[in-house]
Each structure stands twice: as C-alpha cells, then as structure tokens.
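Dear colleague,

I am passing on the structure below, and after it you will find my notes on what came out of it. Please read them with the model open beside you.

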Amino acid sequence: MSLASVSALSTTAVSTPAPWLNGRSGRAWLDPRTKAFALIAINVVTLSTNGSATAWTARSFAMGIVAVLWLSVGRVRTALTTSLAFAVGLVLVQYARLLPGQLALIGGIGTLVVQFIPLVAMASYLVYSTQVSEAVAAMERMRLPRAVVIPFTVVLRFLPTIAQEHRSISDAMRMRGIGFGGRVRSPLAMLEYRVVPLLVSLVRIGDELTVSALTRGLGGSRTRTHVSRTGFGWRDALLAVAVLIPVVALLGGGWRA
Amino acid sequence: MIEVRNVHFRYQHGEEGAGLSGVDLHAAAGEVIVVTGSSGCGKTTLTRLVNGLIPHFFEGDLSGEASVAGRVVADTPPAEAADVVGSVFQNPRSQFFTVDVGSELAFAAENLGQDRDEILARVTESAQQLGLDAFMDRSIFQLSGGQKQKVACGSVWVSRPRVLVLDEPSSNLDAATIADLRGLIAGWKGAGCTVVVAEHRLHYLQGLADRWLLMENGQVTREFSAADMSAMDAATAASFGLRSPHPLPPPQPLAAPAGEDVVELTGFVKTYPGAKAPALDIASLTLPRHGTVAITGPNGAGKSTLTRALVGLDKKAPGILAIDGARRDRKARLATSFLVMQDVNHQLFTESVTEEIRLSAPDADDAHLATILAGLDLTAVAERHPMSLSGGQKQRVAIAAAVASDADVVIFDEPTSGLDLAHMAEVAARLEELVAAGRLVIVVTHDDELVEACADYLVRLEGGRVVSAGPLLREGASGEAA
C-alpha cells in the first residue's frame, strides 16, 4: 500500500503543476527556496538513524508539516493517504518486534516507510506546487549559473516525457509478446527491448526540444525577464521555523548515530 | 524582410536532409509564402535558413547571401535572431520547454528580456484567443496534440516576432485545429508579419498565401500566384507531386448495410478514473469483414481509446470482437492484433530488420521471411539496424512484422501524418495488400486524402460515440475542385 502511494505521488507530482502565476502579484505562495530548505530539513529529520522517542515524535511532526502543505494546495486525499501510510509504518516499527520469528522483520519495512514517506511526499509537493518559471526565477536569484539552471529545467521537462514514452513502448512490447508469459521472456532481452527504443526516442525528442528552445531565444545574450516573482513573506518564515523545530529537537535530544 | 540570394547549402552530416542548390527567396512584410514539394525537396532546409538553425545548429557548407530584417543569417545565431523570427515545428510533443501552459506562453518573451507587464498582458490575450484560458495551470502533457500545437503558436506570438516560420505545422492536427491555425496565420498576416510555411497539406492555405513556391532537389522550380493556385485542379497538383490544393468534401458514408460477412464489436465502453462521461461508448458496431475501415473524428473523440481497446492493450476496457463467428475477448485480441503505431520508433526493438521480423514469427523459415521482406521492398536493408532507416522504411518494417505475425487484425494509427502525395499513395497501396491477403485492416486517421484513396468503410467518432458509419463509394482519384 505504501509503495503504491509513493508511486502515485511521483506520477501526479510531475503531471500537474501549480496555478499560473499564483494570482495577480505573480508572487509564489511560498518561495521555492523556502520549500527547498524545508525539504533538506525534513531529510535530516527522517533519515537520521536516531531511535529515541523524541526522534519518532520529530518525524511525526515533520510528516504533519508535509500533510499541511498538501492540504494548502487542496490535495486532501494525498495528505490523508501519506499520513495514514506513515502511521501504519510507525505502528509496525513499534510493535513488529512482538511478532513471532521471521514476521518481526516487518518492522524493517515500517522503518523504511516512516523514513521515506515524508521525504517523497515533500519532494513531490515541491515539484507539484512549483512552476518551472518560478523555480528558474528562484535559482537565478540565488545566482546559480545558467549551466545549472537550464539542465534543471530540462530534467523537469524530461521526467513526464520518459514516463509517456515508456508507456507507449510497454504497449508495443505487450502487443509483440515480449514479457513474462510472452514469446520472448529472457530478462536481458526484455531490458534491451525496453531501453533501446526509449533512448532513441529521448535523443530525438531532446534534439527537437533544443531546436525549439534555441529559436525561442533560450541561451541568447539578453537578460531574461521573469514573469514569476520570488521573495519571502510571513508564510515562508512560518514554514522555516516549523521545519526547524524537529531538527532542533533531534539535535537537542542528543544526536546518536 | 527576408532576402535570400543564390544560396547553396550542404549538410555536413548528409542524413539530416536535402540541401539547397541556388535558392532565391524575397519576402516582404505582410506576405504569406508557402513552400511545398515532395519529401526531401529542401523546403525544411529553407525554413532552417530563415530562423538561423542553418548554419548555426545544423552545420554545413553555406554560400550565397541570406539576411532577415537586415541581419546577415551567417552572423546571427538562432537565439539572437529570435526577437525577429518565431518558429513553429511539426511535432507538438517536442516543442514545449516548460511544463505548464502559462509558463510556456511566456517562455520566448521572457528569454528575449521583454517588459514583464507587456508579457503578462499578451499571455492573457493569447490564451483567450487560443481558447486556452481555462488551461493556464494545466500540464501541457495533458493537452491534446492540437492544443499543444496552439500553445506552440501562442508562445511564439507572445514575443511578437516580425517573421514567422512554420515547418509542416498541420501534420498532426485535425480539421478543426487546422481551421484555427489558418485563423492564426491570417492574424499574423493582418499584423504585417511575413509568414513562411513549409507544407504538404495545401488546402487550408488557399486564399491566405500570396505566393506558392514549388521546390525540387534543393531548387525553387516553380512559383504560383494565389490565382494560379486557386485555379489548380487536383490532377495538375498531383503531376507536381503535390497533395490536393482544395479541401476534399468530408467523406460521407452511405446508409447501407455492411454486407454479409461482418465483424461485430460489442460493449466497447471505457471511462477514465475521475471522468464523468465515458471516453468511449460503443454498445455495438458492425464492420465489413473485407476492405479497409477508416475511423475518423476530431482530437479527443475517443479514437486512441478505441484503438487500445481493440488491440487488447487496455486491461480495463471490456468488449468483444466477433470475426467469422469467433468471439474474441481482450486477451484473444492482444494475441491476434497488430498495431502499427504513429511513432513506429516505439515498436522496433531488435538489431536488424530480419531479426525484427523474426520476432513476430520465431518458427518461420528464412525463405518465408525473405518473401515478406521483398514484398515490402526491404531486402536491401535486411541487415541494417531498424533505427538507422528513414521514417518510411521504419514504417514498412513495422508492417512487415505485422505481416509475419499471425495477427489477422492490423490497425494503423495515423500512418500518413506529414507524408507527401507519393508516400501517402504508397501507404494506401500497403493497406490494400493487407486487405487482399484477407486481414481486417482498420486505419485511424485525420487524413481525408488517405480516406479517399483507400477506405471502403467509414466510422466517424465524436465524444466517444459512433455518429455515422457506412460504406464509402470508391471512384479512384477525383480531379474536381471544390
């Protein structure tokens, strides 16, 4: 269940972006830089191997923040499913050791869920709620060089493209009887048949994309205008403080690796 | 605005297309010029010269004089030329750089450093004009091909270039979107822009283009005025290798029964999760057993949903296909159907053409495979890697794989988008060969000229339902002007 919700998250995150310009001011509801900071903070909290009660509380708090962020963009279901998966994970972590023999290993799965659900949910929220133009504006304000900014936008553009091309290729493979239960079932051949057409497609799309972007002035000598405005407001301050609470709690509670 | 004098160009890497050998092009403000000719005539190369992709991106030997808005092409890289020249390309899937519609419409103007308030005003105006204002926050990946192409046109127009270059912009569009495209070009012309369109499909540019250039082997061999072109009949156009210069009357199926031997579809219904109305709703449909069946309809009519369901690829689409009395469920259909995809690159897997065919028929002997290859004119490339072949050859490899398989239902998804007259006729001939071999051939297409050339039976879909279905009268190529 938890793995399914993770994959559902990652596909919806790349397919539905934020509202255009976030109202008239053009200023993002949260600055992309704040969201990136929150992602790092949540990383620290969830991935630390600290097993104390404080640490579990800190992780739950972090999960709560992510759930609120998803609620703020109106995605009630995502907030609920991720929180629920997290809660199930917590229960497993606490009580799996009471199970007899091999079953106690389920606790390991619980740890995995508890550590990764908040992370994946936060990363998905970041992608879901941030427009490409916002992200570019924020990165240029951080004075990141073009050599970093442009590849980043290309990656955002390519994730859904890969998913889409992959679907068509899977269709073709099933139709031609390649796959488990099909005529061709050697795993190596299956991998080759999947990867070669995918690469060829992506290279071609990449070329066409480059041509189109060049003719629309990307990489020219002019200073780029940013329609999206970046800047910090009270919401940014609130989020920054909120994500620092569990970090400080963890550090204060003694960092036991 | 555009001054091209005696330009010669040869691509450094020969496979990228035909070069130019002594081309002249002079275009003034407010002029719409159509460049046409069969595949490989050099028309795409000419558009690449105007937007500066030649010689800056596609490298090669360039000689002669070429300038756009007074700037010498050889000294102006495309990203610098972009404030004057806007470009729209053939493939709607690979022309957007950002992910959401709003960001995309602003993209070119942002790159060019134009004024922010002006960009915002123009983005809003463009979105309304294109009927996309409800889609501003939508992911472009969720739009139809037609809507994507409109976003591409809009994004270019927001930066207000004075020259627009379009390379086969209508290839993947349905009739309604082509009409919208015509409207956009008319607007640009009205605003005093110079528009150069390289196209195979000519009819939608009638009454809009001021001059028509015919290219052959990298040279402009003929020029037609607007009056010449509106008087030209289909037979004359065909003698130049051109597609119909006038819109064909929409094919009308006759109200006649499908005949004795029939194929029956029952219960093809599919509703996507979260959608209110079904994307496909065909309770029952009868098709003839022999002949080519064409399925047409606007973008979003349910054609791709029906295609996936018919081939048995959609696990959640029920339906029974009965052929010669044998009822086929989804799994049976998957084993007995072959889909020739619009992008054939997705379905070629192996390292040689022969291997590719063998994948369909692992037990067939070499002589049998050789016959199939010969029948599709692939003998000379039998040992080549399928990905190294031309688009037309790849399509023939996919057809050969269909022929070699035991699939008796062969479905084609848009097999002629972007093809010139000769190649379209070739595809039509392949379809007829498959029909003659006793297979059920279904072709899903926007191309009315292909329908006229080869379809015996027409099914028109709208909103997931069959709005008309019946046999078509076949009289061969008609030369009447509309």
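Into which domains is chain B divided? The answer is domain 1 (2-239) and domain 2 (262-471), with bounds that come from an automatic or database domain assignment. Before going further, please note that this is a predicted model, in which local features need pLDDT of at least 70 and side-chain atom pairs count only at pLDDT 80 or more, whereas totals for chains, interfaces and linings use all residues. Residues are numbered from 1 along each chain as its sequence is written, while chains are lettered from A and ligands numbered from 1 in the order in which they are written.

The C-alpha centres of the two domains of chain B lie 32 Å apart. Their contact takes 15 residues from domain 1 and 11 residues from domain 2, where two residues are in contact if their C-beta atoms, placed from the backbone, lie within 7 Å. On the domain 1 side, helix H6 (145-158) and helix H7 (175-190) of chain B are the elements that give two or more residues, and H7(B) provides the largest share, 3 residues. Helices (H or I, at least four residues) and strands (E, at least two) are DSSP runs, numbered from the N terminus.

Also in chain B, strand E6 (residues 85-88) is covered on both faces, with B:Val85 and B:Ser87 buried on one side and B:Gly86 and B:Val88 buried on the other; a residue is buried if 20 or more other C-beta atoms lie within 10 Å of its own, these atoms being placed from the backbone. E6(B) runs parallel to strand E7 (residues 163-167) of chain B and is joined to it by 4 bridges, strands being paired if DSSP finds at least two bridges between them. In this pairing, B:Val88 stands opposite B:Leu166.

In chain A, the axes of helix H2 (residues 32-47) and helix H5 (residues 106-129) come within 9 Å and cross at roughly 175°, the axes being lines fitted to C-alpha atoms over the stretch in contact, with angles from 0 to 180 degrees between N-to-C directions. H2(A) is therefore roughly antiparallel to H5(A), a term for angles over 145 degrees. Among the residues that meet are A:Leu39 and A:Ile42 in H2(A) and A:Leu119 and A:Met122 in H5(A).

Finally, 48 residues of chain A are in contact with 54 residues of chain B. On the chain A side, the largest share, 12 residues, comes from H8(A).

With best wishes

Technical notes. Angles under 35 degrees count as roughly parallel, over 145 as roughly antiparallel, 65 to 115 as roughly perpendicular and the rest as oblique. A residue is buried if 20 or more other C-beta atoms lie within 10 Å of its own, exposed if 12 or fewer, and partly exposed in between; C-beta atoms are placed from the backbone.
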